[in-house]
Amino acid sequence: MSKLPPAQPEQQRFEDHSVIVPPHNLKTAVVHTAEPGDIAMDVVEQGEAALDRLKGEFGGWMQVECDSLDAARKSLHQRGRSKASFDMLFRAGHDIKGNAATLGFPLAGRLAAGMSRLVYHAPDKTRIPLAVIDRYVEAIRAVVRENRRDANEPTGLEVAERLAAWGEKFLAGELKDAYAEIAADAAPALEMPAKPK
Amino acid sequence: MIRIDFHRLRFLVVDDNAHMRRIVRQLLHGFGSRDIHEAEDGAAGLEFFTAHNPDIVITDWAMPVFDGIEFTRAIRKPESATNPFVPIIMLSGHSEKKRVIEARDAGVTEFLAKPIAAKALYERILSVVLNPRPFIQTQSYFGPDRRRAVISNYTGPERRKGKDGGKTIPVQPLDKRFVEQRAKPHQEPDRRDGIEPPAQQQPPAPARAAPQ
């Protein structure tokens, strides 16, 4: 398909903008069938099945992600609170935020989302207590080490909620009026399951 | 139903995380694609893009050195010799509204928040293949039309000045079949041979003007 000679786009000019209709090169990949329905669910299912075939590797991949996070945390302790160290920590946390649910560890993803948000939005990152970063990293590692794959695992959820609540309070204090701009993006607080008496 | 012949599409997947690249590759492979290429950052992605002209780009946002936004802006150069209209699907862990708007304003075609799901990825690919949007070029923007629909009761400022002095300028997508078919399913005849539909199903193309 990409070997087709380039067609010229059609263009309409207006006072302060142009509307350009690019050639529809991808239409040769479109196949019309008489099958009912909008979405070819069999294709989606084939994609899901292909992903399922990788599932045996997901635990190991998650461990690798945790090792990267731990290395970033150690760098923060050993090399000081530099921008490079925080960038490394943010990227490792952000990767876990994005990948963990797909790899079967949604709770680790929730924890990583809280940590990434804290690191990203703190105006002066050197004011983030390293003890909080340590708690986040340890909680994520514990979820993976103990193979907690349930998104609603009570202990993990409570840790995630408490850390997130602390993080929001910290960000509100640091950002002051500007906190209003990010407040709506905070993860919604969950109703904590009652502790057994 | 409309299907996509994934064998005909060349994909470029740009992500610094090897696991996510493998996941996306596996999903595309499951959909039927065999022409899938990977790059681990925006710079390597741009190099591949320039040399091999992929049909669809799937890129992460947060990458060291040259991130997904910079990568998108580098592609969306109207004077580019390589295809500046290529569909770009941004697959990102950033899901905040502000981030989505920033990606849109950089020229991203579709945004997909992680965690990735097969159906969501398939739908984004379906959208860019079947329903490409016109491109808008202004002094500060070059990319797909950011107006996905005409809102009749819109009360905000009109940023585009057209020949009607600032009224909304209706922009007809090139191919409305996907939208029409969603409204009226089961109307399409069997055309497994991939031959394009009759001309009367195509919306009228806008008058050609002198290219810039």
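**Close-up views of salt bridges in a predicted model**

**View 1. Partly exposed A:Glu57 at a contact between two chains.** In this predicted model, A:Glu57 has a relative accessible area of 34% and is therefore partly exposed. A:Glu57 forms a salt bridge with B:Arg22, and the closest N and O atoms of the two residues are 3.5 Å apart. The pair crosses between chains, since A:Glu57 belongs to helix α2 (residues 55–79) of chain A, while B:Arg22 belongs to helix α1 (residues 18–31) of chain B. B:Arg22 also counts as partly exposed, at 32% relative accessibility.

**View 2. A salt bridge between two loops of chain B**. B:Asp60 forms a salt bridge with B:Lys114, with the closest N and O atoms 3.5 Å apart. B:Asp60 lies in the loop between β4 (56–59) and α3 (68–75), and B:Lys114 lies in the loop between β6 (110–113) and α5 (118–130), so the pair ties together parts of chain B that are 54 residues apart in sequence. Both B:Asp60 and B:Lys114 are buried.

**View 3. A network of salt bridges in chain A**. Through salt bridges that share partners, A:Asp70, A:Arg73, A:Lys74, A:Asp134, A:Glu138 and A:Arg141 are joined into one network. Over all chains, the structure holds 28 salt bridges.

Conventions:
Residues are numbered from 1 along each chain as its sequence is written. Chains are lettered from A and ligands numbered from 1 in the order in which they are written. This is a predicted model: local features need pLDDT of at least 70, side-chain atom pairs count only at pLDDT 80 or more; totals for chains, interfaces and linings use all residues. Side-chain values use heavy atoms; hydrogens and water are left out. A salt bridge is a side-chain nitrogen of Lys or Arg within 4 Å of a carboxyl oxygen of Asp or Glu. Helices (H or I, at least four residues) and strands (E, at least two) are DSSP runs, numbered from the N terminus. Buried means under 20% relative accessible area, exposed over 50%, partly exposed in between (1.4 Å probe, protein chains only).
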